[in-house]
Amino acid sequence: MHANLKARAGLSQLIIVDMQTRLIAAMPQEALQATIKNAGILAQAASLLEVPTIITEQYPKGLGNTVPELQAILPSIKPVEKICFSCLAEPKFNRQLTGDHTQMVLVGMEAHICILQTALDLIGAGKQVFIAEDAIISRNPANKTNALTRLRDAGCIVSNTESIVFEWLGKAEGDAFKAISKLIR
């Protein structure tokens, strides 16, 4: 069992999985807006707190690029293209994992496919995995529910956007706190 039960900015990496333009059309639209908003809050907080971020795109020729809302927040991050469902099956992804960052925070789609397989492989690689429950989605809500059960059973910490950003912050002071507080109002 990991000693750290809270997400820490200095140990975390944010992984934004397959939040792509052609994939979002298939998602439940009401849940989708919240998912994109929450992933955006985590991306902005990661940027402010210098948490390294990786963006993946599953077969972008077919599924499009990362949604503009997230591209606008992280314009300098070049997405890792993949065709495997688990991000860890892509060597370019593995090269972006930072050895001294033991906590991985996962957001994106789909919960029961790429998020699940990536999380299980990260746990297998000895990482501590946090799932932002309000920043993941599946086409079928029942599949997301099932994925969350499997993720929890596998040892992931299922959390939410606000818990994670406030754990990253640690205290209510400074410019990052002020900026992040505005994001979640």
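Leaving aside its neighbours within four places in sequence, which residues is T35 in contact with? The answer is taken up in point 2, after a word on the model.

1. Basis of the note. The model is a predicted one, in which local features need pLDDT of at least 70 and side-chain atom pairs count only at pLDDT 80 or more, while totals for chains, interfaces and linings use all residues. Residues are numbered from 1 along each chain as its sequence is written, and side-chain values use heavy atoms, with hydrogens and water left out.

2. T35 and its surroundings. T35 is found in helix α2, where helices (H or I, at least four residues) and strands (E, at least two) are DSSP runs numbered from the N terminus. With neighbours within four places in sequence left aside, T35 is in contact with M19, D134, A135, I136 and I137; contact here means heavy atoms within 4.5 Å. T35 has a relative accessible area of 3% and therefore counts as buried, a term that stands for under 20% relative accessible area, with exposed over 50% and partly exposed in between (1.4 Å probe, protein chains only).

3. The sheet. An open sheet is formed by 6 strands in the order β3-β2-β1-β4-β5-β6, and the pairing is parallel; two strands pair if DSSP finds at least two bridges between them. The edge strands, each of which pairs on one side only, are β3 (80-82) and β6 (157-159). From one strand to the next the twist averages 25°.

4. Strand β5 within the sheet. β5 pairs with β4 in the parallel sense over 6 bridges, and M104 stands opposite V129 in β5. β5 also pairs with β6 in the parallel sense, over 3 bridges, and here the bridge partner of I131 is V158 in β6. Of the 10 residues of β5, 8 are buried, and the strand is thus mostly covered.

5. Helices across the sheet. Helix α6 (residues 111-124) lies across β1, β2 (53-58), β3, β4 and β5, and runs at about 165° to β4. Helix α7 (residues 141-153) lies across β5 and β6, and runs at about 165° to β5. For these angles, axes are lines fitted to C-alpha atoms, for helices over the stretch in contact, and the angles run from 0 to 180 degrees between N-to-C directions.

6. The nonpolar cores. A nonpolar core is a set of buried Ala, Val, Leu, Ile, Met, Phe, Trp, Tyr and Cys residues joined through side-chain atoms within 4.5 Å. In the largest one, which has 35 residues, L14, I16, L42, V107, M109 and W168 touch the most other members. Two or more residues each come from β1 (12-17), α1 (21-24), α2 (29-48), β4 (103-109), β5 (128-137), α8 (161-169) and α9 (174-183), and α2 gives the most, with 8 residues. Beyond its neighbours within four places in sequence, L14 is in contact with L42, A43, A46, V51, P52, T53, I54, V105, V107 and W168. Apart from this core lies another, of 24 residues, among them V17, L88, F93 and V158.

7. Packing of α9 against α2. α2 and α9 pack at an angle of about 175°, with their axes 10 Å apart, which means that α2 is roughly antiparallel to α9; the cut-offs are under 35 degrees for roughly parallel, over 145 for roughly antiparallel and 65 to 115 for roughly perpendicular, with the rest oblique. I41, Q44, A45 and L48 of α2 make the contact with A176, A179, I180 and L183 of α9. By class, this contact has 7 nonpolar, 1 polar and no charged residues, where Ala, Val, Leu, Ile, Met, Phe, Trp, Tyr, Cys and Pro count as nonpolar, Asp, Glu, Lys and Arg as charged, and the others, Gly among them, as polar.

8. Packing of α9 against α8. α8 and α9 pack at an angle of about 170°, with their axes 10 Å apart, and α8 is therefore roughly antiparallel to α9. The contact is made by V165, F166 and L169 of α8 with A176, F177 and I180 of α9.

9. Backbone points to check. Most residues other than glycine have a negative phi, and most peptide bonds are trans. The peptide bond from M109 to E110 is cis, with omega near -15°, and E110 is placed in the loop between β4 and α6. E50, in the loop between α2 and β2, has a positive phi near 60° and counts as exposed at 71% relative accessibility.
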